[in-house]
Amino acid sequence: MSQNKFNILNFKDPSIRTLHFTWVAFFITFVVWFNHAPMVMAIKEAFDLTQLEWKALLILNVALTIPSRIVIGILVDRYGPRRTFSLLLLTSGVLCALFALAPNYELLALARFGMGFVGAGFVIGIRMVGEWFPARQVGLAEGIYGGWGNFGSAAAAMLLPTVALVFGGENAWRYTLLLTALIAFVYGIIYYKSVRNTPEGSTYFKPKKSGGLEVTSRRDFYFLLFMNVPMYLALAVLTWRLSNGGVGLLTPAFAYVIYAGLLALYLFQASQIYRVNKEMLADPESIPEMHRYRFSQVAILNVNYFVTFGSELAVVSMLPFFFMETFGLTAVLAGMLASGFAFMNLVARPAGGLMSDKFGRRWTMILLILGLAIGYFTLSQVGPAWYLPLAVIATMCCSFFVQAGEGAVFALVPLIQRRMTGQIAGMTGAYGNVGAVCFLTVYSFVDASSFFMVIAISSAAAFGASMFLREPKGHTAEVLEDGTVQLIEVG
């Protein structure tokens, strides 16, 4: 790993090159994942969609990402980020093309549901960047990766309406989305040929067993089972919203089939978690102290990502329409102004990581989550009487705390257990999507002001949970294949 001064422009440094290749991969997945939002008016007109049907698409877009991030976390720990990210980019291109070519609302909704898989790409880069940077730099590196990659949603909002105007015609939105699909597919090949999983000579640690997260105490085992429940409940809420909840996309009979399937999936996952932790449950004292970690720290990060990234996904999806409806703006202008929320990713998420590296991870988290609650309370007060530039400034200020909070979360994730970073990042990332489903479901029932207020109250609860966060100290231990113990600095 690089031990030199962090210089983001030093392309001769293989760690910096890897960081750039990886954030670009993440950036492209976010362009593809949110390329529908700025095309809202064209898509609604093409399929004669009601507002409720459009909101259903917004929820579908983030639903599959919940289980996908868990699955991708397992795959990246087992097979490495290079192969996993390349395959996801190729798949993203295919799914995006299917959405762009959909002939009716049913297939459009199905393709958008599949597009939720694209959002799992974030997890992969967390493990990749964690492999290439030491603890004293990992917060900033992960912040740059997450922040610059997350900017893909803002880039989509700013650029895609203009690209559609260049194509022109009633199918311009389809050509625009097909272009993003092609870019994702081609970059999947480029990424595979350009990076490696670890620095030369470094070991890529893998979990002892795959299929479930390892924990180190009986209490944490039951805590882990409990923390998996909200992910399935979120999918159940989505199913209800798409059937009896008013959209009517699913028949009640099929909804019950999905409920049964979700229960079966949860029981299967619980069995896998038990299988992985069976030996520990039989004798918890057999786990050496140097290999122990507190799952409660993962749970707190889950909750914080629920309100940070969850709210970002929800707000990015609804903000262009919010500006059009509140201030009577055109789609292009509303998209550009709404992009201010995600625009802050360029500096805010790296800032959150840098603050964590320099000033302590616990207090940075606490202060940023508090700012998040205040920011969303302010947005809940925005209305037509507001001066438009002031509303945009309020949006960007709130966004700073959102993205900086995300950076603070993932400044901690790689420091918990190196060999399970993908799975921990996957679970934490999945909670971001649980938050998105919950917040977008709330949005489908209430006006924008109430929507922002709900997020503010949720952020206040996360602030309370953050008070129990612990500052990483010392080293964590991993075991090489020959039995040698390697200590990895975490603080």
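**Entry 1: salt bridges**

I began in helix α7, where Arg-127 and Glu-131 both lie, four residues apart, about one turn of the helix; helices (H or I, at least four residues) and strands (E, at least two) are taken as DSSP runs and numbered from the N terminus. The model is predicted, so I noted that local features need pLDDT of at least 70, that side-chain atom pairs count only at pLDDT 80 or more, and that totals for chains, interfaces and linings use all residues. Residues are numbered from 1 along each chain as its sequence is written, and side-chain values use heavy atoms, with hydrogens and water left out.

The two residues form a salt bridge whose closest N and O atoms are 2.8 Å apart, the term meaning a side-chain nitrogen of Lys or Arg within 4 Å of a carboxyl oxygen of Asp or Glu. By this rule I counted four salt bridges.

Arg-127 also forms a salt bridge with Asp-77, the closest N and O atoms being 2.7 Å apart. Asp-77 lies in helix α4 and Arg-127 in helix α7 (residues 121-132), so this pair ties together parts that are 50 residues apart in sequence. I looked up accessibility next, where buried means under 20% relative accessible area, exposed over 50%, and partly exposed in between (1.4 Å probe, protein chains only). Asp-77 counts as buried at 0%, Arg-127 counts as buried at 1%, and Glu-131 is buried too.

Elsewhere, Asp-357 and Arg-361 meet through their side chains in a salt bridge of 3.0 Å, N to O. Shared partners, by contrast, join Asp-77, Arg-127 and Glu-131 into one network of salt bridges.

**Entry 2: the whole chain**

I found 18 helices and two strands in the protein chain. Its radius of gyration is 21 Å, close to the 23 Å that the globule rule gives for 491 residues, so the chain is as compact as a globular protein of that length; the radius is taken over C-alpha atoms, and the rule is 2.2 Å times the number of residues to the power 0.38. Of the 491 residues, 60% are buried.

**Entry 3: pocket and cavities**

Grid points are joined across faces, edges and corners, and a volume is the space filled by probe spheres set on the points.

The largest pocket holds about 870 Å³ of space. It is lined by 36 residues, and those closest to its centre are Leu-64, Pro-67, Leu-235, Leu-262 and Leu-265. Helix α11 gives the most to this lining, with ten residues. I sorted the lining of the largest pocket into 27 nonpolar, eight polar and one charged residues, counting Ala, Val, Leu, Ile, Met, Phe, Trp, Tyr, Cys and Pro as nonpolar, Asp, Glu, Lys and Arg as charged, and the others, Gly among them, as polar.

I also counted two cavities of 30 Å³ or more. The largest cavity has about 80 Å³ of space, and its lining has ten nonpolar, two polar and no charged residues.

Methods: On a 1 Å grid over the protein atoms alone, a cavity is a set of points where a 1.4 Å probe fits but cannot get out, and a pocket is an open set with protein on both sides within 12 Å along at least five of seven lines; lining residues have an atom within 4 Å of a point.
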